[in-house]
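Hi,

Here is the structure I promised to pass on.

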Amino acid sequence: MTSATEISNRIIEAVMAQKLAPGARLGEQQLAMLFDCSRTIVREALTRLSTRGIVTVSARRGWYVIEPSEDEAREAFEARRVIELGLLHQLKTVDKAAVRKLRAHLQREKAALAGTDVGARSFLLGDFHVCLAECLGNGLLADTLRDFTARTTLIAMLYQSSHDAAQSCDDHVRIVEALEAGDIARAESLMAEHIGSVQSALRLPASADPLEHLRSALAPVRTGRAAGPSPSSDSSTASPSPAASPGDASTYLGALL
């Protein structure tokens, strides 16, 4: 029988491979049938993912993949920047075994770019950051980065990222080359540049005004018509009002009222 851990890992992998989109519904019964397990185990897996910020639940919709807001998108990239740059900043040396593992990962990235499996390509590009944390000996941060990478994958899907996959792979190559050369400061600088370029490729609205849409929709309508005479005007001297045309919107509205 499939365990809750296996189910949650499969869902994370599907998100990183862009096979589960933001807002995708995750029905307990369907998942139980798919994984041949009880709904209790499925619910445990989804609850774990909820605490990790990957799925959420509502009374009406049930369980579904999160749809990050603009603020949550910015916070996710800020968190990744703090974690990944901090990881590199405290680094003194990188052993040869770590470099070999990173090189092997880069080879898989390049093979995926040359192939047609978009899911494998997306997963490997995101998993590079998890692999880097593992190679640098910090499993706790690797687990944290896995969740943040999944969230930023959802963000990229939701906000239609224009960042090129080949560019991401090239960035990863340069970071590993700097680590292999022992230039930790350059690796840190390249990582900052890489995360920044991925974030800047998102189509996030510049304004964070939550009332922007309503503010625009409910602004006074400019009809271009001159204001009529004030109530205190002398009616004997006022010019007679022209007859309303059949297409006059105010006349039509008055007839309805």
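**What I found**

The chain exposes about 15,200 Å², and carbon and sulfur atoms supply 53% of that. Keep in mind that this is a predicted model. Of the chain's 257 residues, 39% count as buried. You'll see eleven helices and two strands, running in the order α-α-α-β-β-α-α-α-α-α-α-α-α along the sequence. If you take contacts between residues at least 6 apart in sequence, 74% of them join residues at least 24 apart.

**Helix H7**

I'd start with H7, residues 139-158. Its 20 residues should span 28 Å at 1.5 Å a residue, and the end C-alpha atoms are 29 Å apart, so the two figures agree. Asparagine 138 caps the N-terminal end of H7, with a side-chain oxygen 3.4 Å from the backbone nitrogen of leucine 140. Just past the other end of the helix, glutamine 160 has a positive phi of about 50°.

The buried residues of H7 are Ala142, Leu145, Asp147, Thr149, Ala150, Arg151, Thr152, Thr153, Leu154 and Ile155. What do they pack against? Their partners are H1, strand E2 (62-65), helix H4 (70-89) and helix H6 (118-135).

Threonine 152 sits in H7 and has a relative accessible area of 6%, so it counts as buried. Leaving out residues up to four places away in sequence, threonine 152 touches Ala76, Phe77 and Arg80. With arginine 80 there is also a polar contact between the side chains, at 3.0 Å.

Glutamate 84 and arginine 80 are four residues apart in helix H4, so about one helical turn separates them. Is glutamate 84 buried or exposed? At 3% relative accessibility, glutamate 84 counts as buried.

**Helix H1 and valine 15**

H1 (residues 4-16) is where you'll find valine 15. The helix has 13 residues and reaches 19 Å from its first C-alpha to its last, close to the 18 Å expected at 1.5 Å a residue. Glutamine 18 follows H1 and has a positive phi, near 60°.

On the buried side of H1 are Ala4, Ile7, Ser8, Ile11, Ile12, Ala14, Val15 and Met16. These buried residues pack against helix H2 (28-35), helix H3 (39-51), H6 and H7.

Valine 15 has a relative accessible area of 0%, so it is buried. Which residues is valine 15 in contact with, leaving aside neighbours within four places in sequence? They are Leu20, Ile54, Ala150, Thr153 and Leu154. The C-alpha atoms of valine 15 and arginine 151 are separated by 8.3 Å, although the two residues are 136 apart along the chain.

**Other salt bridges**

The structure holds twelve salt bridges. As background, side chains of opposite charge can pair when their charged atoms come close.

One of the salt bridges joins the side chains of glutamate 28 and arginine 39, at 3.2 Å from N to O. It links distant parts of the chain, with glutamate 28 in helix H2 and arginine 39 in helix H3, eleven residues apart. Glutamate 28 is buried, with a relative accessible area of 13%, whereas arginine 39 is partly exposed at 39%.

Another pairs arginine 48 with glutamate 44, at 2.6 Å from N to O. Both of these residues lie in helix H3, four residues apart, about one turn of the helix. Arginine 48 is partly exposed, at 31% relative accessible area, and glutamate 44 is partly exposed too, at 36%.

Finally, have a look at Leu211, Leu214 and Leu218, which make a nonpolar surface patch of about 330 Å². Leucine 211 is found in the loop between helix H9 (184-200) and helix H10 (212-217). With a relative accessible area of 47%, leucine 211 is partly exposed.

Best wishes

Terms used. Residues numbered from 1 in each chain as written. Predicted model: local features only at pLDDT ≥ 70, side-chain atom pairs only at ≥ 80, totals over all residues. Heavy atoms only, no water. Buried < 20%, exposed > 50% of the residue type's maximum accessible area, 1.4 Å probe, protein only. Contact = heavy atoms within 4.5 Å. Patch = residues over 30% accessible without salt bridge, like charges linked within 9 Å, V, L, I, M, F, W, Y side chains within 5 Å. Areas by Shrake-Rupley, 256 points an atom, 1.4 Å probe, with all protein chains shown as cover. Salt bridge = Lys/Arg side-chain N within 4 Å of Asp/Glu carboxyl O. Expected span 1.5 Å × (residues − 1). Polar contact = N/O pair within 3.5 Å; in protein donor to acceptor, adjacent residues only side chain to side chain.
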